[in-house]
Every structure is written in C-alpha cells, then in structure tokens.
Amino acid sequence: MAKFLLVIAVFMVFYLLLRKHAKKSGDAPPRQSASKHDEDEDMVRCKVCGVHLPTSEAVTSRGEFFCSKEHLQLADREGGKRQP
C-alpha cells in the first residue's frame with residue numbers, strides 16, 4: 001500500500017512541475033479577450049408578452065419590438081390590445 005501511495009505522490013509532483021513549467025513558457029493557448037456574449041447590447045421589450053430580449057434577436061415592425069413572428073402576427077390581429 002505504501003508503494004502505491006509513493007507512486008501516486010511522484011506522479012502528482014511530476015504533474016505539478018510540468019504544469020508550472022508550461023505556464024512559465026507560455027505553452028497554454030491564449031484566452032479570447034471577449035466573446036460575443038461579453039459585448040454590450042441593447043435590450044428591448046416584446047409588446048405582446050413583455051419579455052426582454054437583445055435587439056439582435058427581436059422582430060421589429062413599425063418601430064415596435066416583438067420576441068417572435070407569432071407575437072407580431074398576434075399584435076396585428078388584436079390591433080390596439082397590447083400590454084403597455
């Protein structure tokens with residue numbers, strides 16, 4: 001049992017030294033500075049259900065925003081019966 005623990009300890013030390021050396025030499029892949037989700041984007045509110053969503057995902061008609069084509073069609077059918 002002691003030999004098994006000694007082997008595990010040796011592998012752990014080897015792994016930690018290897019990792020430390022990799023960080024020092026810069027072998028790690030560069031991280032992306034900003035992803036698409038990190039960028040600021042205006043949020044708008046659906047005129048039918050009130051859900052907030054990014055402007056790029058909204059359906060726009062006559063200056064109003066909707067979360068889907070179905071809600072745009074529903075608003076057209078109902079006319080003025082929309083949530084404030």
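These notebook entries record what I looked up in the structure.

**Entry 1: Ground rules**

I noted that the model is predicted, so that local features need pLDDT of at least 70 and side-chain atom pairs count only at pLDDT 80 or more, while totals for chains, interfaces and linings use all residues. Residues are numbered from 1 along each chain as its sequence is written, and side-chain values use heavy atoms, with hydrogens and water left out.

**Entry 2: Overall fold**

I looked up the secondary structure and found two helices and four strands in the protein chain. Helices (H or I, at least four residues) and strands (E, at least two) are DSSP runs, numbered from the N terminus. Read from the N terminus on, the order of elements is α-β-β-β-β-α.

I then turned to burial. Of the 84 residues in the protein chain, 17% are buried. Here buried means under 20% relative accessible area, exposed means over 50%, and partly exposed lies in between (1.4 Å probe, protein chains only). The areas come from the Shrake-Rupley method with a 1.4 Å probe, and for residues only the protein chains shown count as cover.

**Entry 3: Cysteines**

How many disulfides are there? I counted zero, a disulfide being a pair of cysteine sulfur atoms within 2.5 Å. Cys 46 is in no disulfide, and its nearest cysteine sulfur, that of Cys 49, is 3.7 Å away. Cys 49 is likewise in no disulfide, with the sulfur of Cys 46 as its nearest at 3.7 Å.

I placed Cys 46 in the loop between S1 and strand S2 (52–54). Is Cys 46 buried or exposed? Cys 46 counts as buried because its relative accessibility is 2%. Cys 49, by contrast, is partly exposed at 31%. I also noted that Cys 46 and Cys 67 lie 21 residues apart in sequence, with their C-alpha atoms 5.4 Å apart in space.

**Entry 4: Salt bridge**

I searched the whole structure and recorded one salt bridge. The term stands for a side-chain nitrogen of Lys or Arg within 4 Å of a carboxyl oxygen of Asp or Glu. Asp 76 pairs with Arg 62, and the closest N and O atoms are 2.7 Å apart. The pair links distant parts of the chain, 14 residues apart: Asp 76 belongs to helix H2 (residues 69–78), and Arg 62 to the loop between strand S3 (59–61) and strand S4 (64–66). Asp 76 is partly exposed at 42% relative accessible area, whereas Arg 62 is exposed at 59%.

**Entry 5: Surface patches**

Patches are made of residues with over 30% relative accessible area and no salt bridge; like charges are joined within 9 Å, and nonpolar side chains (Val, Leu, Ile, Met, Phe, Trp, Tyr) within 5 Å.

Which residues form the negative patch? I listed Asp 40, Glu 41, Asp 42 and Glu 57. Lys and Arg count as positive and Asp and Glu as negative, with His and the chain ends not counted. The place of a charge is NZ of Lys, CZ of Arg, CG of Asp or CD of Glu. Asp 42 sits in the loop between helix H1 (2–25) and strand S1 (43–45) and is exposed at 60%. Glu 41 is in the loop between H1 and S1, but is partly exposed at 42%. The C-alpha atoms of Glu 41 and Thr 55 are 7.1 Å apart.

A nonpolar patch of about 580 Å² consists of Met 1, Phe 4, Leu 5, Ile 8 and Met 12. I found Met 12 in helix H1, exposed with a relative accessible area of 51%.
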